[in-house]
Structures are given as structure tokens and as C-alpha cells.
Amino acid sequence: MIPPRPHTSERRAFERVRHTGEAALSTGRGEVMAEILDVSIAGLGVETSGTLRIGEFVRVRLALGLGTDGTQVDPDAFVARVEPGREPGQSIVGLSFYDLSPGTLALLLDQVANRLEA
């Protein structure tokens, strides 16, 4: 379970950190590959050439951790935002996690804390 969001005037309530790598997004229409831009305990920012719709549910498959020894996780998420990407035909997509397992939440907390300390 994701901790409740603090009441602030900021649009994003949780710290985001840059994260490089790829994520596979499984939709009801197939799998879409995406480049990870950032991660927080509440969601993920990605860039993709695949088509995703606001409100669509996806299963995300990505590796969390430092270096090549990351742990693969597969949290459920929904598409919260879609904007034009850096290149024609690409989209920047904001994914919001839901119903996280305690283990995945712990990995996300660790990932964000490690990057903030660096």
C-alpha cells in the first residue's frame, strides 16, 4: 500500500529520482517497451512510442536497484498522464502505482532513498 499523500500545493507529492533503464508495460492490447525517466514511491515516468491512454491499467516490469544487480519487480499501475515526447511519435507517460506489495514498496523506498543520498 502506498503511504497517503501529504496535503501540499505541489502537484507531485513524492520525491522523484532519475532512473535509467527500460520497462515493459503489459496492456490489454499487448506489450509496450518504454524508457524510464524517473521513479518515485508513487509512480514512474517513462517515454514510449507505444500508444497508452489515460486511465488505462498496465503491469510494469522493471529492474530496481543499483548497477546490473537490480531486482525485477512487476507493479500494477494506471496511466495518469500522457504528453508529447521529445521525438515525433513518442509520448511521455506518467504511471501511478496501486496496490503495491510490501516487498515492492520497500524496494521503491530504498531506490529513492539511495538516489537522494548520492
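Two strands count as paired if DSSP finds at least two bridges between them. The exercises below use a predicted model.

**Exercise 1. Strand β8 and its partners**

Task: Determine which sense of pairing joins β7 to β8, and over how many bridges. Then find which residue between these strands takes a positive phi.

Solution: 
- Step 1. β7 and β8 are joined by 8 bridges and run antiparallel. Within this pairing, Val-79 lies opposite Leu-95 in β8.
- Step 2. The hairpin of β7 and β8 has 6 residues between the strands, and Gly-89 has a positive phi near 85° there.
- Step 3. β8 also pairs with β4, again in the antiparallel sense, through 6 bridges. Thr-48 faces Ser-91 of β8.
- Step 4. Of the 8 residues of β8, 7 are buried, so the strand is largely enclosed by the rest of the structure.

**Exercise 2. An aromatic pair**

Task: Classify the geometry of the ring pair Phe-57 and Tyr-98, and state where in the chain the two residues sit.

Solution: 
- Step 1. The whole structure holds 2 aromatic pairs. In the pair of Phe-57 and Tyr-98, the ring centres are 5.6 Å apart and the planes stand at 80°; the cut-off for edge-to-face is over 60 degrees, so the pair is edge-to-face.
- Step 2. Phe-57 belongs to strand β5 (residues 57-64) and Tyr-98 to strand β8 (residues 91-98), so that the pair links parts of the chain 41 residues apart.
- Step 3. Phe-57 is exposed, at 53% relative accessibility, while Tyr-98 is partly exposed at 30%.

**Exercise 3. The nonpolar core**

Task: State how many residues the largest nonpolar core has, and which residues Leu-44 touches beyond its sequence neighbours.

Solution: 
- Step 1. The largest nonpolar core has 27 residues, and Leu-44 and Leu-95 are among those with the most contacts inside it.
- Step 2. Elements giving two or more residues to this core include β4 (43-48), β8 and α1 (102-117).
- Step 3. Leaving aside neighbours within four places in sequence, the contacts of Leu-44 include Ile-36, Val-60, Leu-62, Val-93 and Leu-95. Asp-38 is also in contact with Leu-44.

Key. Residues are numbered from 1 along each chain as its sequence is written. This is a predicted model: local features need pLDDT of at least 70, side-chain atom pairs count only at pLDDT 80 or more; totals for chains, interfaces and linings use all residues. Side-chain values use heavy atoms; hydrogens and water are left out. Rings of Phe, Tyr and Trp (its six-membered ring) pair if their centres lie within 6.5 Å; planes under 30 degrees apart count as stacked, over 60 as edge-to-face and the rest as tilted. Helices (H or I, at least four residues) and strands (E, at least two) are DSSP runs, numbered from the N terminus. Buried means under 20% relative accessible area, exposed over 50%, partly exposed in between (1.4 Å probe, protein chains only). A nonpolar core is a set of buried Ala, Val, Leu, Ile, Met, Phe, Trp, Tyr and Cys residues joined through side-chain atoms within 4.5 Å. Contact means heavy atoms within 4.5 Å.
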